[in-house]
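I opened this notebook to record what I looked up in one structure. The entries follow the order in which I worked.

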Amino acid sequence: MSTTYTLDTSTSRANPTPAPMKRLTVPKIRARKVDGTTEEPIVMLTAYTARQAQLLDPHCDLLLVGDSLGQVIYGLPSTIPVTMEMMANHAAAVVRGSYHSVVVVDMPFGSYEASPQDAFDAAARLLKESGAAAVKVEGGEAMAETVAFLSQRGIPVMGHVGLTPQAVNVLGGYMARGRSDAEAEKIVSDAKALDEAGAFAIVVEGVVEPIAIEVTKAVSCPTIGIGASAKCDGQVLVTEDMLGMFERVPRFVKKYNDIATTIEETAKTYAAEVRDRGFPGPDQLYQPKN
Ligand SMILES: Nc1nc(=O)c2c([nH]1)NC[C@@H]1CN(c3ccc(C(=O)N[C@@H](CCC(=O)O)C(=O)O)cc3)CN21
Ligand SMILES: CC(C)C(=O)C(=O)O
């Protein structure tokens with residue numbers, strides 16, 4: 001079933017891609033890495049809303065509905081309290097707002113760790129309710145069985161190793177990983193286990209650069225780095241971090257803009273116009289029939 005969307009084409013921003021355009025697929029993303037190398041790096045950004053997805057979609061290969069929405073959208077202290085409902089609803093919005101990118105949805109903490117069966121039920125629900133193409137799970141060797149179970153039953157899985165934020169209570173914070181030999185070896189073996197289990201790509205977050213490079217060489221599927229290395233097969237950032245929405249961001253963030261200042265200044269201008277009765281003006285008012 002295909003749906004035709006009608007969008008205002010008067011500006012280039014309104015219509016992100018010439019619709020209908022065929023979406024990229026998980027196998028096409030997986031196939032970008034050939035014999036250990038990815039010629040053109042894979043571009044991923046987070047998206048949580050339909051309009052955000054529309055604007056990002058033409059520039060990305062993958063859109064991640066990250067559980068970072070707990071902090072970024074809901075003001076929660078960590079990703080631990082994020083629910084299935086939040087993930088399904090935001091993922092559905094992102095699917096509706098995109099035509100081109102593969103949409104990946106994070107499985108929230110508690111929905112997948114206990115057993116492959118639990119993980120399948122939760123993942124199937126997320127895909128049914130949102131139309132997303134794949135899920136992401138945190139963890140390495142411990143999740144390999146689950147990754148195999150899902151991917152053999154029609155659910156593509158993206159892995160996530162290194163700094164895994166859902167393990168904040170075990171790790172004790174959001175520090176970079178892989179500084180000790182034991183930790184470095186564990187990250188590499190985790191990534192290998194996910195690769196062998198059939199993960200179609202693996203996020204490598206917050207690890208020292210040599211380990212990110214070693215992981216990228218050790219696995220057959222593409223690695224997507226965040227706080228990792230430019231030598232990963234792709235990169236991801238939280239969109240709001242990239243845009244400069246926050247004062248405090250992880251060291252690995254490059255702020256490409258300063259949207260927070262734009263929002264503050266716009267709100268200040270609006271407030272001043274309301275207070276001096278400059279808004280609404282003639283252009284914003286309905287005149288009676290004459
Ligand atoms: N906005 C946002 N961006 C993210 O990248 C992100 C989220 N939220 N939420 C989920 C996780 C949490 N992440 C984080 C959060 C904090 C640090 C951080 O502040 N790290 C410190 C060093 C560790 C410390 O001192 O505790 C740093 O300087 O990078 C890193 C990753 C990554 N993810
Ligand atoms: C930071 C990315 C990789 C993520 O997992 C998220 O947005 O939750």
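**Entry 1: Aspartate 106**

I found that aspartate 106 touches Val65, Gly66, Asp67, Met87 and Lys136, not counting residues up to four places away in sequence; two residues are in contact if their C-beta atoms, placed from the backbone, lie within 7 Å. The model is predicted: local features need pLDDT of at least 70, side-chain atom pairs count only at pLDDT 80 or more, and totals for chains, interfaces and linings use all residues. Residues are numbered from 1 along each chain as its sequence is written, and chains are lettered from A and ligands numbered from 1 in the order in which they are written.

I located aspartate 106 in strand E5 (residues 102–106). Helices (H or I, at least four residues) and strands (E, at least two) are DSSP runs, numbered from the N terminus. Is aspartate 106 buried or exposed? Aspartate 106 counts as buried because 29 C-beta neighbours lie inside 10 Å. A residue is buried if 20 or more other C-beta atoms lie within 10 Å of its own, exposed if 12 or fewer, and partly exposed in between, with C-beta atoms placed from the backbone.

**Entry 2: The annotated binding site**

I consulted UniProt, where an unreviewed entry lists Asp67, Ser68, Asp106 and Lys136 under "binding site". These residues span 70 residues in sequence, yet no two of their C-alpha atoms are more than 12.4 Å apart, so they gather at one spot. UniProt positions are given in the numbering used here, feature names are shortened, and annotations may be inferred rather than shown by experiment.

I placed lysine 136 in strand E6 (residues 134–136). Lysine 136 is buried, because 24 C-beta neighbours lie inside 10 Å. Its contacts include Asp106, His160 and Val203.

**Entry 3: Glutamate 205**

I noted that the UniProt annotation "active site" (unreviewed entry) covers Glu205, a residue of strand E8. Glutamate 205 is buried, with 24 other C-beta atoms within 10 Å. Among the residues that glutamate 205 touches are His160 and Ile226.

**Entry 4: Ligand 2**

Which residues surround ligand 2? I listed Thr46, Leu64, Gly66, Asp67, Ser68, Asp106, Val203, Glu205, Ile226, Val236 and Val238; a residue is near a molecule if its C-beta atom, placed from the backbone, lies within 6 Å of it. This shell divides into 5 nonpolar, 3 polar and 3 charged residues. Ala, Val, Leu, Ile, Met, Phe, Trp, Tyr, Cys and Pro count as nonpolar, Asp, Glu, Lys and Arg as charged, and the others, Gly among them, as polar.
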